[in-house]
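This briefing collects computed features of one model, grouped by topic. The sequence and the structure come first, and the notes follow.

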Amino acid sequence: MPKLTNHPNRTSWIGYSQDSHFPIQNIPFGVFLTRENVITIGTRIGDHAIDLGALQELGYFDNVPLTDDMFMQDTLNDFISDGKKTWRLVRNRIGEIFNKENAELRDHKEHRNRIIFHIDDVEMQLPVQIGDYTDFYSSKEHATNVGTMFRDPENALLPNWLHMPVAYHGRSSSIVPSGIPIHRPQGQQLPKDSDTPVFGPSNSLDFELEMAFITTDANNLGQPIPVEKAEDFIFGMVLFNDWSARDIQKWEYAPLGPFLGKNFASSMSPWIVTMDALEPFRCAGPEPEQPVMDYLKQNGKKSFDIHLEVDITPENGKPTTVSKSNFKHLYWSMSQQLAHHTINGCRVISGDMMGSGTISGPTADSYGSMLELSWGGEKPVKLNDGSERKFINDQDTVTMRGYCHNGPIRIGFGEVKNKILPVYQSKSKPKTIK
Ligand code: CA
């Protein structure tokens, strides 16, 4: 089926600037709350949110086979579950409705008023009910930097790293959308040169620049997904900040891996950009440095050229861009991650989310975490206001942006932006049991 919406000459009767992340070629999917407190599935063109529930109710999807309430829901899970054929039919139909030449909605003021909102007038929600969240560790540069700092520069990569996309299971209950403030976590830490742990607020709260993909129902229990088919089960991608407390992480991680240093919060951008929208930006990832097992062997271009940036903004201050990286640096592709995840028969369903792992590039200004940018606190990062950061302070806001760029067309993810608040203080007394 042709992907009509991607054509670079297509324009919309909804105006937007050339550097918008959301031209008519994007058509991402999200969930938003209107000022009337109506929650709906939607898409976005330029600075306008489009209510797909209202579009369906008014008959604009009558020629697309959909269940009646497909878009009048508060998550995208059922839509994602319907599979790639439906995603394409809907995306193509939206492209058609908002195409510059198409008068059916353009010239129908009453319908337009019910369907289109300015982006500032809606509140973005989590777009999916996330079933399970898995976080990979697929940037060789990141794994090498962390291994160099914490273990041994000569053997920075652990022996398994070049043989498999290493991962751990995270916690979906702590995933929040852009805009939700996050409290600094507290917990056990082992001070330097001490053998007795202490308790307190994390002193090394960090971001991790990641992207994540969201899956559809992919397999039955026991059934591996072949690497060459894996992309068929990926609905789309988001920006992902996998917040990390390095001091808590360092003390707790042996022998079972990350736990409370990771599961207090992760944040995601609210618009899911489909793999079809990203197709023109496909590129090759790094060449494998060692042969991989057959189930991980892939052909063709399996990565995507997605520019990534991170800003830190102090309270009442101006943003400083502290990192510029790219998704294409990742050593293991999403296809390899999904093939590896299911090779043992693990089930993957609609709404599952897989984080890429911190996306660090080869240069010191392309590292995807403060741990690496400040090299474990040895080289503090200077902000525009003259202040320095080893890690993230209370009241700092961390913003991640991502976009693909090719000639006149920019396909973007918007941003994921969250402020750090001090450790949570209970306002009410703990409940006493009578
Ligand atoms: Ca991570």
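A residue is called buried under 20% relative accessible area, exposed over 50%, and partly exposed in between. By that scale Glu279, with a relative accessibility of 27%, counts as partly exposed. The model is predicted. The protein is divided into domain 1 (4-124) and domain 2 (133-421), and a calcium ion is coordinated by four side chains, those of Asp135, Glu208, Glu210 and Asp242.

**Domains**

- The centres of domain 1 and domain 2, taken over C-alpha atoms, are separated by 29 Å.
- In the contact between the two, 29 residues of domain 1 meet 29 residues of domain 2.

**Calcium site**

- Asp135 and Asp242 supply OD atoms to the calcium ion, while Glu208 and Glu210 supply OE atoms, at 2.2 to 2.3 Å.
- Along the chain, the donors follow the spacing D-x72-E-x1-E-x31-D.
- Glu208 sits in the loop between β12 (205-206) and β13 (209-215), and Asp242 in the loop between β14 (234-241) and β15 (244-245), so this pair ties together parts that are 34 residues apart in sequence.
- Glu208 and Asp242 are both buried.
- Glu208 and Asp242 also belong to a network of salt bridges, in which they are linked with Asp206, Arg246 and Lys262.

**Salt bridges**

- Side chains of opposite charge can pair when their charged atoms come close.
- With a side-chain nitrogen of Lys or Arg within 4 Å of a carboxyl oxygen of Asp or Glu as the criterion, the count comes to 23 salt bridges.
- One of them joins Arg114 and Glu57, whose closest N and O atoms are 3.7 Å apart.
- Arg114 lies in helix α5 (residues 109-115) and Glu57 in helix α1 (residues 52-57), so the pair links distant parts of the chain, 57 residues apart.
- Arg114 is partly exposed, with a relative accessible area of 38%, whereas Glu57 is exposed, at 53%.
- Glu279 and Arg282 meet in another salt bridge, at 2.9 Å from N to O.
- Arg282, like Glu279, counts as partly exposed: the relative accessibility is 22% for Arg282 and 27% for Glu279.
- Asp311 forms a salt bridge with Arg401, and the closest N and O atoms are 2.8 Å apart.
- Since Asp311 lies in strand β20 (residues 307-313) and Arg401 in strand β25 (residues 397-406), the pair ties together parts that are 90 residues apart in sequence.
- Asp311 has a relative accessible area of 7% and is therefore buried.

**Asn219**

- Asn219 has its place in the loop between β13 and β14.
- The relative accessible area of Asn219 is 8%, so this residue is buried.
- The side chain of Asn219 reaches two backbone oxygens: that of Gln223 at 2.9 Å, and that of Cys346, which lies 2.9 Å from a polar atom of the side chain.
- Leaving aside neighbours within four places in sequence, Asn219 is in contact with Ile225, Thr342, Cys346, Arg347 and Val348.

**Arg44**

- Strand β2 (residues 39-45) contains Arg44.
- Arg44 is buried, with a relative accessible area of 13%.
- The side chain of Arg44 has a polar atom 2.8 Å from the backbone oxygen of Gly46, and makes a polar contact with the side chain of Asp47 at 3.3 Å.
- Beyond its neighbours within four places in sequence, Arg44 is in contact with Phe22, Pro28, Ile119 and Trp271.
- Arg44 and Pro23 are 21 residues apart along the chain, and their C-alpha atoms are separated by 8.5 Å.

**Helix α3**

- Helix α3 (residues 84-97) has 14 residues, which at 1.5 Å a residue should span 20 Å; the end C-alpha atoms are 20 Å apart, so the two values agree.
- Helix α3 is mostly covered, with 10 of its 14 residues buried.

How values were computed: Residues are numbered from 1 along each chain as its sequence is written. This is a predicted model: local features need pLDDT of at least 70, side-chain atom pairs count only at pLDDT 80 or more; totals for chains, interfaces and linings use all residues. Side-chain values use heavy atoms; hydrogens and water are left out. Donors are N, O and S atoms within 2.8 Å of the metal (3.2 Å for Na, K and Ca); water is not among the atoms, so sites may look incomplete. Helices (H or I, at least four residues) and strands (E, at least two) are DSSP runs, numbered from the N terminus. Buried means under 20% relative accessible area, exposed over 50%, partly exposed in between (1.4 Å probe, protein chains only). A polar contact is a pair of N or O atoms within 3.5 Å; within protein, one must be able to donate a hydrogen and the other to accept it, and residues adjacent in sequence count only if both atoms are side-chain atoms. Contact means heavy atoms within 4.5 Å. The expected span of a helix is 1.5 Å times one less than its number of residues. Domain bounds come from an automatic or database domain assignment.
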